[in-house]
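Dear colleague,

Here is the structure that I promised to hand over, and below it you will find my notes on what was found. Please read them with the model open beside you.

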Amino acid sequence: MLFNSYLFIFIFLPLALIGWYGMNHFKAYELSKLFLAAMSLWFYGYFNPYYLAVILVSIACNYLLSFLFQFSHTKWMDRVFLLTGILFNLGLLFYFKYYDFFFENVNALFGTGFTMKNIVLPLGISFFTFQQLSFIIDRCTRKAKHYSFINYVTFVTFFPQLIAGPIVLYKEMMPQFEDLQNRKFQTENFAKGIALFTIGLGKKVLLADVLALPVNYGFEQTAFLDTPSTLLVILAYTFEIYFDFSGYSDMAMGLGKMFNIELPVNFNSPYKACSVKELWQRWHITLSRFFIQYVYIPLGGSRKGKGRTLFNIFIVFFLSGIWHGANWTYVAWGTMQGLLVVWDNLGIIGVRGNHDKTPAKFYIPRWLGWFFTFSFFNLSLYFFRSDSMTNAFQMFRNIFAFKNTGYLLKIAAKLDIPEFYLIKQAINFTMPDLLPYAYLGVFFLLLLISAIIITRKNALQIVSEHPFNTRLCLYVSIIFVWSVISFSQVSTFIYFNF
Amino acid sequence: MDKNTFKGFLKKFIIFSAALLLICIFTVILFDPFFQYHKPLPGLKAVLTDKEYQCVGSLKNFDYDSVIAGSSVAENYNNGWFDQGFQCRSIKAIRSYGATADLCYLLDIAFEHQELKYVFYNLDPSALVASPETTYKLTGCPMYLYDDNYLNDVQYWLNKDVLFEKIPYLIAQSLIGDYDEGNSYNWAQWKNFNSDMILGLYIRKPSIDEMKPETYYQDLLSQNLEILTARIKEHPETQFLIFVPPYSMIWWDNLYRDGDTDAYLYNMQTAYETLLSYENVTLYSFQNDREIITNLENYMDTLHFSPEINHLMCDSLIEGTHRITRENYLSEIEDMRSLADEIVTTLIKPYEDRIKVDIYDE
């Protein structure tokens, strides 16, 4: 089920909230957790019940391992259980996410004939796998205790974070589920939750999904793009991916608040960053936290000299690239991020005002740091968004072809949005020749709005700092209704050839 | 901020959002551009341009006593031609591809809501070999408009395309446009019909497949005929005027190269035999009208012809020409067989240098 769907907003969410608070009101605390877990599984299995089998097997196996740790009294047994847990979780992820990619490359390298399985990737498998992996690792070191099965299922499946994060840790979730104060309806949290959810919904539906129209078309037409269209398509994608992902995180946090559960912050205005290192302290924060805690530190972190530190940093970003998807484009993207963060850590060029641990040899003004950071991230997204390395390189070739064929007008024409319909018709009747330029105007307007939004307060800041007055309420209501009426479209059916 | 601030916020949010949502729902139900709940409001026209969205609603809620059922080739009829010629009030039931199951699904809705004098049924040869299952869901049609579940209509009520596009379009076409209600679903105004168009779109495979046996599609044929004849039997009070449209000679050339000519002619013969056994069926065929199908200036592609041909066909139905009867149906099939042979051996030749060849054909 998607957050941005009628079913979720009008049926699922009210039912989940009424059930949760209703049961807790009558002190049926265990039942309420069971109810929440059942609702989360409905949420998860809605599109494909086969997903349910995958997540339930994953939960059952990890829970069994957690249980077995109770009987382990030697380091040797701990290691066996830990290794089993790591192999099981990464194996599951490998099978569903990387199997085809791996054997495709094996076939290409060694001329073997492994057949591809075309496995359907279960939603959110990367998220719940990492979430449980962290729990198993901490069980091994006894930082985490063994919980009841209902508690564990509620923690893993809690629907706001199940499909696209943030990647939560048991230690920040379990105490919140246990705290009986959180089982009572709290007006402040609920109001903040609604505001946060709605802002996220608006980012996803009104901005990301609209920006996706020219972006998707652009990436289907890589061979035809000229220089301006190639540059603006990636700029639009840079905004799209941020509004999409951070919008989802805002919605997740908002939903969490409605249940009095604080989910960790996942985005903190990353496009305000003045260095790539800083950007990664603000972008997908919970993923970075996972890698730092469970990869970077075990590898030695910064304790084994400068060279090893830089290598560890690079490894983290390399793995982060692969985590995002099974394609060489993600590997290239992760490698690029890794190299840029390593460069930042070399301390050759620093940004004025950034309080880095080690002073840099040269300093550049903040605006220049921001410009380089934003531009580098933009360029790296050519790899992230392209279907293949060939397409990604084609995009780079397009930039340096320095051609203007007017393709930008074609790209902009994809913004045939209903909000623009009346203006479009008016232009069509009065000055039809200007219509392509009107679409271009819409494109630029969208980019401008996006640029303004990313430089202002983020959703979390608005919710925590802005007074909850009538004006905010009106804005939130309008964004909510505007988003809801955007869930459904009227499609054009074009098949004249019978 | 105290607790009351947030309580007030929540109350206002519920009131504002509910009010806005209700305004949207009320507006959609009032104007109802897909005619799911009522006929057009007084002063507004029945603007029908999206068949996947509007056919079902209009069949449920409009006043009519005759149905023009068919594929995209039936979209360019003007209802007025039928209304005048047959003294009836017609409505279109259109489905792209015109598969029998799909058209009969629409006919069932019409029969459920109105008593029908006439069904003008466009029988495409391809419909006889189509899937006997309806294809609406499979092709992504908005199923919330096809069922009787009001709850899923939320996708219609809260839909910005409907609010910002379809309703203004309905109002504009009704009040300031010159929309002719008879031209529902008409697409011809945006298309050109000439030999350059049809030859430009035809990509001919150089190979010629072995001719399939006549009964190659027997199963599908039987199932499709059963679906159609079930409606004919159930409604003896309704006159079914069934007509086979004139596909171009290029279509016949393609059919020959696919090895389908014999099987399709057999299908037509079987369909004629079956349909002619019903008293309430009158059968017409324009398929072997040499003048129409060999003149490529009439076509946009291999099968879509100009509205002038639609008009000519309607006139024929009114006048009773192009009839297929128990007496002539075999000779009509034989004539078509000879014409099909002549097309591939002689009539297509002058156009061969203008026809593109499918280089990917294996």
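**Notes on the structure**

Chain B carries 29 positive and 54 negative side chains, and the centres of these two sets lie 10 Å apart; here Lys and Arg count as positive and Asp and Glu as negative, while His and the chain ends are not counted, and the place of a charge is taken as NZ of Lys, CZ of Arg, CG of Asp or CD of Glu.

Before going further, please keep in mind that this is a predicted model, in which local features need pLDDT of at least 70 and side-chain atom pairs count only at pLDDT 80 or more, whereas totals for chains, interfaces and linings use all residues. Residues are numbered from 1 along each chain as its sequence is written, chains are lettered from A and ligands numbered from 1 in the order in which they are written, and side-chain values use heavy atoms, with hydrogens and water left out.

**Chain B as a whole**

The C-alpha atoms of chain B fill a box of roughly 90 × 50 × 40 Å along the principal axes, and the secondary structure of the chain comes to 13 helices and 8 strands (DSSP runs numbered from the N terminus, with helices being H or I of at least four residues and strands E of at least two). Of its 362 residues, 57% count as buried, where buried means under 20% relative accessible area, exposed over 50%, and partly exposed in between, with a 1.4 Å probe and protein chains only.

**The sheet**

In chain B, 6 strands form an open sheet with mixed pairing, in the order β2-β1-β3-β5-β6-β7, where two strands pair if DSSP finds at least two bridges between them. The edge strands are β2 (90-94) and β7 (323-324) of chain B, each of which pairs on one side only. Strand β1 (residues 66-70) of chain B runs parallel to β2(B), with 5 bridges between them, and Ser66(B) has Ser90(B) as its bridge partner in β2(B).

**A loop residue, Ser306(B)**

Ser306(B) sits in the loop between α11 (290-293) and α12 (307-319) of chain B, and it counts as buried because its relative accessibility is 5%. Leaving aside residues up to four places away in sequence, Ser306(B) touches Phe193(B) and Asn298(B), a contact meaning heavy atoms within 4.5 Å.

**A helix in chain A**

Helix α6 (residues 149-157) of chain A is largely enclosed by the rest of the structure, because 7 of its 9 residues are buried. Among these buried residues are Tyr152(A), Phe155(A) and Val156(A), and the buried residues of α6(A) pack against α2 (29-45), α3 (49-69), α5 (125-140), α7 (159-162) and α8 (170-178) of chain A.

With best wishes
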